[in-house]
Amino acid sequence: MTDRNPWKTLSSKTVYQNPWIRVREDAVIRPDGTDGIYGIIESRDSVVVAVLNDNNQIYLIRSFNYPVSTWSWGLPGGGGDDEEPEVAAKRELAEETGITAATWTFLGKTRVSSGLMTERMAIFLAQDLTFGDRIEADDKDLISEGRFFSFEEIDDMIKRGKIDDTQTVTGLYLAQRQVGY
C-alpha cells in the first residue's frame, strides 16, 4: 500500500464564495487516468459540545436546519471562527444555551465530510455546569428549546431519526465512550 496521492490536480478555481464557505472546482486526472472535475467546499473548522449534567444526561438543543428545512435535536456547537477550539466551544455553548462549564475534556477531532469538505470538527465534553441566560447571537431565532436527555432516550431518538446530524451523532458516540455508557 502506498501513501501517494492517486489524483493529479491540473488547476483550481473558486466558483463561489461567501463569508462562511468557498467552493473550489479542481480540474483533475482521476486515479483511472481520465480527466474530470472535483468540487470541494472549504469552510472554517467547527466545534461541538456534549454537555453532561450530574445525572449523566446530555443537553440537546432543538434547532431549525435551513438546508433540509426541518427542526431537529442536536448538540450545541458551530463555527470555530478561527479561534482555538476550546475557546470556540465555550463561546458557542454560552451563546446557544447560556450554560458555562468548569470542566472541559477534549474528546477528539474528526472530518465533517472528507469526500466533500475541508472542515474539521473538535468535540468536547463539558461538565460541572452553571446555568445562565443565552447570549444574543446571530442564530438566536433558530433555536427553539433545549433540555437534558438520558443516553437511552438519545439512542431511541437516533433510531427514530429525531437525531440525524453526523456531527451530533459523532459527538454523542465519543461522549458515551468517555463516560462509559
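Author: Happy to chat about salt bridges here; the term means a side-chain nitrogen of Lys or Arg within 4 Å of a carboxyl oxygen of Asp or Glu. This is a predicted model, where local features need pLDDT of at least 70, side-chain atom pairs count only at pLDDT 80 or more, and totals for chains, interfaces and linings use all residues. Residues are numbered from 1 along each chain as its sequence is written, and side-chain values use heavy atoms, leaving out hydrogens and water.

Reader: Which residue forms a salt bridge with Asp26?

Author: That's Arg24, and the closest N and O atoms are 2.9 Å apart. Asp26 counts as buried, at 5% relative accessibility, and Arg24 counts as buried too, at 17%.

Reader: Switching topic: how are Arg91 and Glu95 placed in helix 1?

Author: They sit 4 residues apart in helix 1 (residues 85-97), so about one helical turn separates them. Helices here are DSSP runs (H or I, at least four residues), numbered from the N terminus. The side chains of Arg91 and Glu95 meet in a salt bridge at 3.5 Å, N to O, and both residues are buried.

Reader: Which residues are joined with them into one network?

Author: Through salt bridges that share partners, Arg91 and Glu95 are joined with Arg44, Asp81, Glu83 and Glu92.

Definitions and conventions:
Buried < 20%, exposed > 50% of the residue type's maximum accessible area, 1.4 Å probe, protein only. Helix = DSSP H or I, 4+ residues; strand = E, 2+ residues; numbered from the N terminus.
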